Amino acid sequence: MASEFQLIERYFAGRGALREDVVLGVGDDAALLRVPQGMDLAVAVDTMVEGVHFSPEADPESLGHKILAVNLSDLAAMGAEPAWATLALTLPKVDEAWLERFGRGLHTLAQRCRVALVGGDTTRGPLALTVQVHGFVPTGQAIRRGGARPGDLVYVTGCLGDAGLALLVLQEEVRLPGRDRTSVLERLDRPQPRLAQGLALRGLASAAIDVSDGLAADLGHILEASGVGATVQVQRLPVSAALKSVFDAAGGWALPLSAGDDYELCFSVPERRQAELEKAFRDLDVGCTWIGWVERDRGLRCVLDDGSMVVPAAPGYDHFSGA
Ligand SMILES: [Mg+2]
């Protein structure tokens, strides 16, 4: 008879995309995977814990999506193409309805991003979700954090601050009309990894990072790793119509500058490559906005159009995500 935890395998074995580079998937002591010649393997892992990263009422399908999406976002930031994932689940009890819905969220995104689920583990304990992803990038072409140089232009994809706004909506600090409410909650619960944008940046970006802790904090990581500084023109930061509509109520520039969980890409590009960058992004579903430039003087300077400075909130604040 199948044990409770063998039962769980049914929800995950052989799911996600089918790939020829999976020699052996779920079912043996280890998966066997073949990295194509000429490729480096990029690996990232992330854990989400109930009570720390999400609330007990969180929708399981959204959790399945998000735990994979945040990992894929890290691959996107390296310019890597995703291939495989493993899953480690710690569950307080076996709840088949929960597993079914969690699996649906995970597998739907995995299929769409051509990711094969090649292994996993389940244990009993407080609810915690861990996914590790593996992707490929041509040897030596991964985009690192340390390559930004003075004179480079700083860009960000998509819009910033919506996930932070969603938290304020959930905490009932900000009210939004129905459609805007739905769209910002979607940004928080179902972030879309910017994989196509990451691939487009290969060979173009001098440095890149995904915005998980807030633009100021994450751009700060690029600046530190590169030994440079930057000025960001705060009023150029791209924000959604929903955020614009409640801008002051939501704290003005605080959200796009400091709120986390947006999973956009922030990157630097040498100025002479600007035309190529615009061409590379022309046909993508989500574009990018120029927000500032890299400088020799260390530190991040956030300036308004009138020349006054804005000081970003303390970086990387922890929060209860409503996912
Ligand atoms: Mg990251």
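How many cavities of 30 Å³ or more are there? I opened my notebook with that, and the count comes to one. Before going further, I noted for myself that this is a predicted model.

**Entry: confidence**

I looked up the confidence next. The protein chain has a mean pLDDT of 92, and 94% of its residues reach 70 or more. I did mark one stretch to handle with care: over residues 316–323 the pLDDT is below 50. In the model that stretch still has 31 contacts beyond near neighbours in sequence.

**Entry: the cavity**

Back to the cavity from my opening question. I found its volume to be about 40 Å³. I then listed the residues that line the largest cavity: Arg15, Gly16, Leu68, Ala85, Leu106, His107, Ala110, Val115, Ala116 and Leu117. Which elements each supply at least two residues of this lining? They are helix 3 (96–112) and strand 5 (116–124). Helix 3 gives the largest share of the lining, three residues.

While I was in this area I checked the loop between helix 3 and strand 5, where Arg114 lies. Arg114 is not a glycine, and yet its phi is positive, near 60°.

I turned to the open spaces and picked the second largest pocket, which holds about 320 Å³ of space. It is lined by 21 residues, and the closest to its centre are Glu9, Val26, Gly119, Gly120 and Asp121. I saw that helix 1 (4–12), strand 4 and strand 5 each supply at least two lining residues here. Which element gives the largest share of this lining? Strand 5 does, with six residues. I was pleased to meet strand 5 again, as it also supplies at least two residues of the cavity lining.

**Entry: the magnesium ion**

Which residues coordinate the magnesium ion? I found Asp74 and Asp210, each through OD, at 2.1 Å. Asp74 lies in helix 2 (residues 60–78) and Asp210 in strand 8 (residues 207–210), so this pair ties together parts 136 residues apart in sequence. Is Asp210 buried or exposed? Asp210 counts as buried because its relative accessibility is 4%, under the 20% cut-off. Asp74, at 23%, is above that cut-off and therefore counts as partly exposed.

**Entry: aromatic pairs**

I counted the aromatic pairs and got six. One of them is Trp84 with Phe136: the ring centres are 5.2 Å apart and the planes stand at 85°, so I wrote it down as edge-to-face. The partners come from distant parts of the chain, 52 residues apart, with Trp84 in strand 4 (residues 81–91) and Phe136 in strand 6 (residues 128–138). I checked both for burial. Trp84 has a relative accessible area of 1% and is buried, and Phe136 is buried at 4%.

The next pair on my page is Tyr155 with Phe267. Their ring centres are 5.5 Å apart with the planes at 5°, so this pair is stacked. Tyr155 sits in strand 7 (residues 153–157) and Phe267 in strand 10 (residues 265–269), so the pair joins parts that are 112 residues apart in sequence. Both Tyr155 and Phe267 are buried. I also noted that these two form one aromatic cluster together with Phe281.

**Entry: helix 4**

How many of the nine residues of helix 4 are buried? I counted eight, so to speak a mostly covered helix, spanning residues 162–170. Among the buried ones are Leu165, Leu167, Leu168 and Val169. What do they pack against? I found helix 5 (178–189), helix 8 (241–245) and helix 9 (254–258).

Helix 4 is followed by Glu172, which is found in the loop between helix 4 and helix 5. Glu172 has a positive phi of about 60° although it is not a glycine. Is Glu172 buried or exposed? At 71% relative accessibility, Glu172 counts as exposed because it is over the 50% cut-off.

Notes
Residues numbered from 1 in each chain as written. Predicted model: local features only at pLDDT ≥ 70, side-chain atom pairs only at ≥ 80, totals over all residues. Heavy atoms only, no water. pLDDT = per-residue confidence, 0-100. Contact = heavy atoms within 4.5 Å. Phe/Tyr/Trp six-rings, centres within 6.5 Å; stacked < 30°, edge-to-face > 60°. Helix = DSSP H or I, 4+ residues; strand = E, 2+ residues; numbered from the N terminus. Buried < 20%, exposed > 50% of the residue type's maximum accessible area, 1.4 Å probe, protein only. Donors = N, O, S within 2.8 Å, 3.2 Å for Na, K, Ca; no water. 1 Å grid on protein atoms, 1.4 Å probe; cavity = no way out; pocket = protein on both sides within 12 Å on 5 of 7 lines; lining within 4 Å. Points joined across faces, edges and corners; volume = space filled by probe spheres on them.
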